[in-house]
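I opened my notebook beside the viewer today and kept short notes as I went. Do follow along on your own screen.

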Amino acid sequence: MKASKRIFLFLFVSVLSILIVSPTLFAQVKEVKIGVILPLSGPLAPIGKSLKEGAELAADIVNNKYPELDISIAKWEGIPNLGGAKIKLIFADSRGDPGWGSEQAKRLIEDEKVVGLLGAYQSAVTKTASVEAERAGIPFINPDSTSPALSKRGFKWFWRVTPHETWFTKDLFDLLDGLTKGKAPGVKAVPKSKLEPLAVAAENTEWGAASLAEIEKFAKERGWKIAEGFKYPHTAADLTSETRKMIASKAPTFLFAPYVADAILFVKTMKEMKAKPRLIWGQDAGFVEADFYKTLGADVNGILTRDLFSAEMGKVKPVAGKLNEMYKKMTGYDFSGSSARDFVGVQVWAHVLNNAKSTSPEAIRKALNELHIPGKELVMPWKGVKFGSPFPNDTQQNELGSGVINQYQGYPDGKLHIIYPFEFATSKLIYPFPGWK
Amino acid sequence: MELATQLIAYGILMGLVFALIALGLSLIFGVMNIVNFAHGEFMMVGMYVAFIISSYFHLDPLISLPFAAAIGYLLGVVSYHFLIHHILRGPMVAQLFGTFGLMLFLRYLAMFIFTPDVRSIKQGILVGKTLSIGWLTIDVSKGVSGGLCLLSFALVYWIIHRTKLGRALRATSIDAEAARYMGIDTKKMNALAWGIGGATVALAGALLAHYYYITPTIGMLFTIIAFATVALGGFGSIVGAFLAGLMIGLIMVLSGQYVSELKFTFIYILYFLVVVFRPRGLFGW
């Protein structure tokens with residue numbers, strides 16, 4: 001073989017091998033990698049799966065064209081100001097464990113070289129994982145953890161999109177006070193003595209503990225007595241004595257802050273013990289997951305749950321209805337407040353990257369602090385997304401969010417109806433709680 | 001008085017199930033000195049057997065009990081022949097990781113087949129029925145489960161202490177080498193221990209499925225409790241597993257009443273104390 005031919009062959013093979021080895025090198029459209037930390041195994045795996053699907057749907061809408069949707073990301077086909085770069089979500093399993101979650105944050109930042117992070121659902125995991133982001137100077141957007149303490153740490157690289165526990169607890173007491181004043185839809189004023197005292201059961205990690213503390217604080221401020229308030233391990237194999245204790249307290253109002261497995265156990269055990277509370281309210285999480293109502297069927301009717309979303313939202317907000325339809329087509333079930341918020345999380349990332357026009361952390365930080373997404377863009381019933389300080393000591397916390405309180409009606413084929421805010425109610429409140437058959 | 005009756009009743013009913021779950025673990029350890037990390041996963045398989053029979057074949061989940069026990073038995077024997085028998089020749093670490101691997105395999109296989117969704121059984125003669133006696137309201141399925149656990153215990157006890165087969169099994173567990181010299185097929189005995197272990201725990205799973213939720217990761221929760229039960233009762237002791245199961249059920253319910261947040265703590269403190277002061281457990285040999 002001639003020398004020139006040999007050189008040509010060498011070059012040809014080299015070029016070919018480069019092309020094969022790194023197709024992305026020559027790809028026209030870049031990708032922006034965002035690390036998403038969620039509990040994808042362990043007891044929280046069912047919730048984790050639905051959150052992942054919410055995030056995936058949002059990424060799909062950003063990356064592809066959906067002209068029928070009336071929100072800006074649906075028209076982008078990638079991030080316009082980054083040359084149409086696609087969003088690529090890199091999922092990491094926190095196993096629901098704070099230590100492991102923070103390891104995953106480190107791995108995503110160092111090995112996957114993600115532009116930023118999203119997650120991590122459980123407040124305890126968000127707490128540790130966001131420390132890694134803070135250390136590395138990488139933005140961490142948290143769409144789904146509600147422990148108030150998270151946004152009170154003064155972190156420079158942590159932004160929270162969802163309203164936190166303080167809002168929701170305020171909503172609960174607004175509902176209770178509203179009930180005594182006859183403001184609830186379809187229910188005459190209920191004497192306070194029929195609702196008091198309260199019995200509260202909260203799971204004992206960061207989120208549940210914070211919920212319990214907030215409830216105790218508001219109860220004191222608004223003058224509601226608590227007969228029984230305790231924490232329990234959400235991995236408990238059995239909750240009979242806890243349920244018995246609530247029933248024995250003779251409280252007419254039962255409040256819960258559980259994850260899904262323990263929420264199911266509580267309802268099953270209450271039914272078994274023939275509990276007769278007049279009102280049952282659950283602090284989101286376990287009480288709104290698909291597994292909760294699918295597993296319990298008609299036993300959920302009449303239960304109230306603090307939430308951020310209802311499939312009925314479409315009636316008052318068409319874009320929410322359309323997005324929910326797409327989600328349901330993809331998964332077979334409706335958006336929950338949690339999965340819809342993770343949808344918003346990715347949406348916030350898309351807007352921020354577009355506004356930043358760069359993937360440098362400093363540019364993203366600036367864009368986040370100047371961000372304003374109007375409410376009409378969102379699947380949530382919020383006024384929008386804008387980071388500020390809505391409650392004392394909050395920093396980089398979305399100040400335009402809000403919660404709703406829904407009631408399960410007509411299950412297994414029923415709907416979650418909005419009861420609070422009273423002006424947005426989609427149905428009458430069923431009161432008192434009808435009991436179990 | 002009312003409180004005490006209720007707590008004791010709930011504690012005993014829960015404890016009976018814990019005891020049946022721990023029985024197999026104790027038996028396997030007693031016979032072959034091997035810790036089965038996949039024990040809870042065997043239980044999970046039993047739960048899914050009940051779920052499939054109830055949801056796909058639309059039969060009463062009670063019918064699933066013999067099937068669950070049979071499948072559990074098979075699973076135990078197959079695991080022994082294809083995995084345990086081989087890793088027994090390796091070092092201790094290999095044995096630990098071997099059953100650990102089996103646990104992961106079964107768990108993720110279940111997740112692949114059934115997805116991580118939480119399920120429950122909604123239809124059945126016993127499902128959702130309650131019985132009130134005086135102060136006490138008991139879920140009928142919990143009561144029946146407790147009774148059947150007791151029965152299974154009696155049966156296993158009878159097999160081990162009153163039959164020739166049981167004598168051979170006991171001989172193997174006390175001194176495998178001597179048993180072999182006496183003409184006992186110890187390999188067969190080992191497989192039998194795994195079979196009985198698998199059958200009892202899968203049966204417990206099918207009973208539990210009547211009133212508990214079902215998910216592929218449920219096993220770990222009960223494996224840990226079973227470890228504490230076995231350590232407390234003594235490795236290899238059937239009576240020990242039974243009494244320790246009841247004790248743990250009672251401790252859980254009582255601590256749940258007063259300091260729910262620490263309900264596992266008390267069990268582990270007890271576990272720790274037993275390991276330190278009486279390592280062979282309360283009834284171990």
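**Entry 1: the core.** I began with the largest nonpolar core and found that it has 227 residues. I noted A19(B), M47(B) and A202(B) as the residues with the most contacts inside this core. Next I looked up which element gives the most to this core, and it is helix α1 (residues 2–32) of chain B, with 19 residues. I then turned to chain A: the core draws at least three residues from each of domain 1 (26–164 + 316–398) and domain 2 (166–307 + 404–424). A reminder to myself: this is a predicted model.

**Entry 2: around A202(B).** What does A202(B) touch, leaving out residues up to four places away in sequence? I listed F42(B), M43(B), V45(B), G46(B) and V49(B), and also A68(B), A69(B), I71(B) and G72(B).

**Entry 3: strand β1 of chain A.** Is strand β1 (residues 31–38) of chain A largely enclosed or open? I found six of its eight residues buried, so β1(A) is largely enclosed by the rest of the structure.

**Entry 4: the partners of β1(A).** I traced two pairings here.

- With strand β2 (residues 86–93) of chain A, β1(A) pairs in the parallel sense over eight bridges. I picked out G35(A), whose bridge partner in β2(A) is I90(A).

How values were computed:
Residues numbered from 1 in each chain as written. Chains lettered and ligands numbered in written order. Predicted model: local features only at pLDDT ≥ 70, side-chain atom pairs only at ≥ 80, totals over all residues. Core = buried A, V, L, I, M, F, W, Y, C linked by C-beta atoms within 7 Å. Buried ≥ 20, exposed ≤ 12 C-beta atoms within 10 Å, placed from the backbone. Helix = DSSP H or I, 4+ residues; strand = E, 2+ residues; numbered from the N terminus. Domains from an automatic or database assignment. Contact = placed C-beta atoms within 7 Å. Pairing = 2+ DSSP bridges.
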